Amino acid sequence: MTSSEPLPDTAAGPTASAAGPTVSTGPATPQDPADRRRWIALAIVMTAAFMDLVDVTIVNIAIPSITEDTGASFTAIQWITAGYALAFAAGLITGGRLGDIYGRKRLFLVGIGGFTIASALCGFAVNPEMLVASRILQGGMAALMVPQVLSIVHATFPAHERGKVFGLFGAIVGLGAVSGPLLGALLTEWNIFGLEWRPIFLINLPVGIAGLVLGRKFISESKAPKALRLDLAGVALVTLGLLMLLYPLTRGRELGWPLWGHLSMAASLLVFAALVAFERRKANRDGSPLIELSLFRVKSFAAGTAVQLTFGVALGIFFLVWTLYLQMGLGWSALKAGSTGIPFSIAVSAAAGVSVQKLVPRFGRKVLQTGALLMIVGLLLYIWEAGRYGLAISPWQMALPLVVMGVGMGLIVAPLTDAVLSEVPKEHSGSASGLINTVQQMGTALGLGLVSVVFFGSISDRLPPEAMGAAFVDAFQQSLWWVAGVLTVIFLVMFALPARPRVHLEGGGDDDSAQAQGEAVSKEPALTS
């Protein structure tokens, strides 16, 4: 096959575009312009993915500075993080579908352009309300941009090269996990031009503009040959149900838990029931539902989505209350708090690599369950240390529980999606992977909403300043007990996963499997938010 021939791709048929070159493959030499062009395109989409990862992890570390500068309430703090996760979750599947229909390159450019504009609005926000609205817009734009990244890789690189590409994405995952909190801490501490926390968003502007210009030139357009129709009603029902659940959950404590809040949360269950009924009818009518309900007949997939949902809840709670505990409770600087998380990030990255390459092929499901148990052990150590040392605790004393938790998380996040997909028919692997990622993001949004109950619910609104630190320590310990309880549920549900998950090898497997594996790698960062 010569380099001028189109890339054979069973899942995504690339088409010629006036705005970009036609995808090509073949044994391209390093001097082949087409080969250089596609590697430049890979660098562009990877940079965009890295920008999204960092933007998720960078915000938590700047929350105290945002609170002090804008006067944001605890509710606004939750929505600064939960609003992004909610918009991202609600739009993730639709963003991928739009790319299939209208072109992955086109939607990527729209997404990265919108993400850049939203970042500017966040950086120049004049009040907490504008910041929350801008973060929701940012999450929606990320939902257009991120699904195209792996689709573009899938359409640009042949199957035998995707293992190497996905390995690069794995490196980006680790780099994003480590650099996000540190970068946020440094930008906040440096107080560039007196802007305080705002550079954590404004740094996206030059990166986004460069990605927009270079992406227009180097990324090749591709579309799915048989794109499905949009399910706007499904998107509306998912979003409505989540808002009816999360809004009163987030604001309930502040408003004194009014009756309408309880009614709204109860009615959200009816909305989700209506969603299921609608999706079932739509599948029978035109075969293009937002959610492929037949996937839930697969035991491992149903259990896996339950694990993803609850895992998202646990991490959504932990990472927000951890930041509040370190900076607002212990009074640490952003840089001290950010550097405290380095052992955790390193442990996650190291354990993730070992789990996929060495442990899962030999021990299967037991690796994931061991990860859940290690995270519980790490949480119990952290609870003990927080009580033992109180406000005098130091970063090095936190290293042990954070490393234990990081190893446990690494054993879960890398092989989990593959375990969930192992019994899914290959024709549904792409849809199933997208649904798993969406469910995990929904879990994160739910966990962030629950912070008002498990953390702020134990802190009095009228505490004197001298009592604030001790109150935050107590609230942190209480929150960790909740997280440990959720992880116990996860451990038990994991028994429904297949004992020997399928493991994809570099250079092997079909296109659908390679795409699903890549999507799993690309979304791991969402777990380290």
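Helices (H or I, at least four residues) and strands (E, at least two) are taken here as DSSP runs, numbered from the N terminus. On that basis the protein contains 18 helices and two strands. The model is predicted, and local features therefore need pLDDT of at least 70, side-chain atom pairs count only at pLDDT 80 or more, and totals for chains, interfaces and linings use all residues. Residues are numbered from 1 along each chain as its sequence is written, and side-chain values use heavy atoms, with hydrogens and water left out.

Of the 529 residues, 59% count as buried, a term for under 20% relative accessible area, with exposed meaning over 50% and partly exposed in between (1.4 Å probe, protein chains only). The accessible surface of the protein, by the Shrake-Rupley method with a 1.4 Å probe, comes to about 20500 Å², and 66% of this belongs to carbon and sulfur atoms. Among contacts (heavy atoms within 4.5 Å) with a separation of 6 or more, 83% join residues 24 or more positions apart.

A search of the whole structure finds one salt bridge, defined as a side-chain nitrogen of Lys or Arg within 4 Å of a carboxyl oxygen of Asp or Glu. The partners are D69 and R198, with their closest N and O atoms 3.5 Å apart. This pair links distant parts of the chain, 129 residues apart: D69 belongs to helix α2 (residues 63-70), whereas R198 lies in the loop between α6 (159-190) and α7 (199-202). D69 is partly exposed, at a relative accessible area of 35%, while R198 is buried, at 16%.

The loop between α6 and α7 also holds I192. This residue is partly exposed, with a relative accessible area of 29%. Beyond neighbours within four places in sequence, I192 is in contact with L187 and P199.

Together with L212, V213 and L214, I209 makes a nonpolar surface patch of about 340 Å². Such patches are made of residues with over 30% relative accessible area and no salt bridge, nonpolar side chains (Val, Leu, Ile, Met, Phe, Trp, Tyr) being joined within 5 Å and like charges within 9 Å.

The loop between α8 and β2 (222-223) contains E221. E221 is buried yet has no salt bridge, and the nearest side chain of opposite charge, R106, is 4.7 Å away; Lys and Arg count as positive and Asp and Glu as negative, whereas His and the chain ends are not counted. The side chain of E221 does, however, have a polar atom 3.0 Å from the backbone nitrogen of R104, and the E221 side chain reaches the backbone nitrogen of R106 at 3.3 Å.

Technical notes
Polar contact = N/O pair within 3.5 Å; in protein donor to acceptor, adjacent residues only side chain to side chain.
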